[in-house]
Every structure is written in structure tokens, then in C-alpha cells.
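Let's take a walk through a protein model together, one stop at a time. Keep the picture open beside you as you read.

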Amino acid sequence: SPEKWASIKSAVLKNKFSVQGMDIESKTTMAVGKAFRTEVEVMGNKIITVVDENSGWMIRPAMMGGTGEPEDMPGEQVKLAGTQKNLGSALIQAQKSGATIELVSKEKIDGADAYLLKVTKSGGEESQVYVSASTYYIIKTIAKVQANGQTIDTEVNYSNYKAVDGLYFPFTIETASPMGGMMTVETSAVELNAKLDPSIFAKPTK
């Protein structure tokens, strides 16, 4: 229920995925609706990304094109990443943000019945959400994303739902990899309403 999702003030998610044969671990800590911090470990190097209400910063090691020092993120990137500080499915987000949700049709996805819903945000951006007719879990979303002046369709598949404190999370997410091809992200742990130290979101000063 939306009320139950609304009672979650913080979440810590641990994920594992592999890109081009490299195993990557990430940890995302979020103060729901306010800020998130993601730490990604690649080959012993750590990339840290933090986005709060209206700004963001990141630390990238030199081998990842960074300086190893905190750098401010460009506005477009902050806006794009901003959705990551929200918890709950695309439909819960849509309801909260006042987007319009329309039932378009009933389709078959991998042989099973699914409802296709169209979500239109107040700014006019549209996305498609496929919901399983038997479980009501979201199984796929297709959204248009602006990146580097181009509009691209991003498709995300969700599966392996598990209950955490009575709320269901997809523990397997498949999405397009920035390196081409598909990338599977497996969640290894979800912790809800843990006590957070607010200083983890502050940009470090020398």
C-alpha cells in the first residue's frame, strides 16, 4: 500500500552486477525523497555519487576519467539521477508526483498476461509500464530519457520479487548497459529505516 511505502524514511540497498566480465558491487544509501549516496567498487577503485535536493557531486578515480577529488555534477545529470532518491515502483512514484496513469491494453509478455499502462508526467514525458496481471508486480518499464542532447528509449525488466518488511522489491533488474548489450543487476540486501548519518551526503571539503 502507498501508506506503507510512505512510512519508509531510509533504505540501504546492496547490488552486484557484471559488465564486460568485471564484477562490480554497489551500495546505495537513501534518505527517501531527500538524498542518495551510491558507492560503486570496480577493480579496487571506488566511485562515489551523491545527489540531494537540488545538487550533486561525485568522486571518480583517475582511471575512470576523474581526479579523485569531489567534483560538482552538471545540472542535467543531477536531474536525471534525482529519481534515484525515491523508493517504490514507477507507479507509486507517478501517483506521488501527480502524473496521469492510463490503462492502454492487455498484452502478453513472455507468454503471460500483462497490463500496459501509460504514465504521463506533468512535464509531458511519457513512459510505458507493464504490470503482471497475476501478481500486479511491474515487470517492465520503457521510458524516454534525454542524454547528451538525444532522446533514447530505456527499457528495464524487473523480476525475482521478494518481501522486505512486507514490501516487495525486484531483486533482479535487467537494463541496457552503458557499454552496449544488457546488464543484470542482482540485489543482495535491502535494509529499511536504518539510522543514517546525514554527513554522508555532504560534499567533502579539503
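Predicted model: local features only at pLDDT ≥ 70, side-chain atom pairs only at ≥ 80, totals over all residues.

**A walk through the model**

Now step back into the helix itself. H3 covers residues 90–97, and its buried residues are Leu91, Ile92, Gln93 and Ala94. Here's a handy bit of background for looking at any α-helix: there are 3.6 residues a turn, so residues three or four places apart point the same way.

Next, follow the chain into a run of paired strands. Strand S7 (residues 100–109) and strand S8 (residues 112–120) are antiparallel partners, joined over 9 bridges.

S8 has another partner to show you. Strand S9 (residues 126–132) runs antiparallel to S8, with 7 bridges joining them. Leucine 116 faces tyrosine 130 across this pairing. S8 and S9 also form a hairpin, this one with 5 residues between the strands, and glycine 124 in the turn has a positive phi of about 95 degrees. While you're looking at strands, remember a general rule: in a regular strand the side chains alternate between the two faces of the sheet.

Let's move on to strand S10 (residues 138–147) and pick out lysine 144. Is lysine 144 buried or exposed? Lysine 144 counts as exposed because its relative accessibility is 54%, and the cut-off for exposed is over 50%. Leaving out residues up to four places away in sequence, lysine 144 touches Glu126, Thr151, Ile152 and Asp153.

For a contrast, find threonine 175 in strand S12 (residues 167–176). With a relative accessible area of 17%, threonine 175 is buried, since buried means under 20%. Apart from neighbours within four places in sequence, threonine 175 is in contact with Glu155, Val156, Gly181, Met182 and Met183.

Now for the inside of the model. The largest nonpolar core has 28 residues, and the ones with the most contacts inside it are Met30, Leu87, Phe169, Val190 and Leu192. Which elements give two or more residues to this core? They are S1, S2, S3, strand S4 (45–51), helix H2 (75–81), S12 and strand S13 (182–192). Zoom in on phenylalanine 169 and, beyond the residues up to four places away in sequence, you'll see it touching Trp5, Leu87, Asn160, Tyr161, Lys162, Val164, Val190 and Leu192. There is also a second, separate core of 8 residues, with Leu117, Val129, Val131 and Ile138 among them.

Strand S1 (10–19), strand S2 (22–31) and strand S3 (35–42) are the elements that give two or more residues to its lining. Which residues line this pocket? You'll find Lys14, Asn15, Lys16, Glu25, Ser26, Lys27, Glu39, Val40, Glu41, Lys46 and Ser188 there. Sorted by class, the lining has 7 charged, 3 polar and 1 nonpolar residues.

Most residues other than glycine have a negative phi. Aspartate 165, though, has a positive phi near 50 degrees. Look for aspartate 165 in the loop between strand S11 (150–164) and S12. Aspartate 165 counts as exposed because its relative accessibility is 55%. Asparagine 193, in the segment after S13, isn't a glycine either, yet has a positive phi of about 55 degrees. With a relative accessible area of 42%, asparagine 193 is partly exposed.

Conventions
Residues numbered from 1 in each chain as written. Heavy atoms only, no water. Helix = DSSP H or I, 4+ residues; strand = E, 2+ residues; numbered from the N terminus. Buried < 20%, exposed > 50% of the residue type's maximum accessible area, 1.4 Å probe, protein only. Contact = heavy atoms within 4.5 Å. 1 Å grid on protein atoms, 1.4 Å probe; cavity = no way out; pocket = protein on both sides within 12 Å on 5 of 7 lines; lining within 4 Å. Nonpolar A, V, L, I, M, F, W, Y, C, P; charged D, E, K, R; others polar. Pairing = 2+ DSSP bridges. Core = buried A, V, L, I, M, F, W, Y, C linked by side-chain atoms within 4.5 Å.
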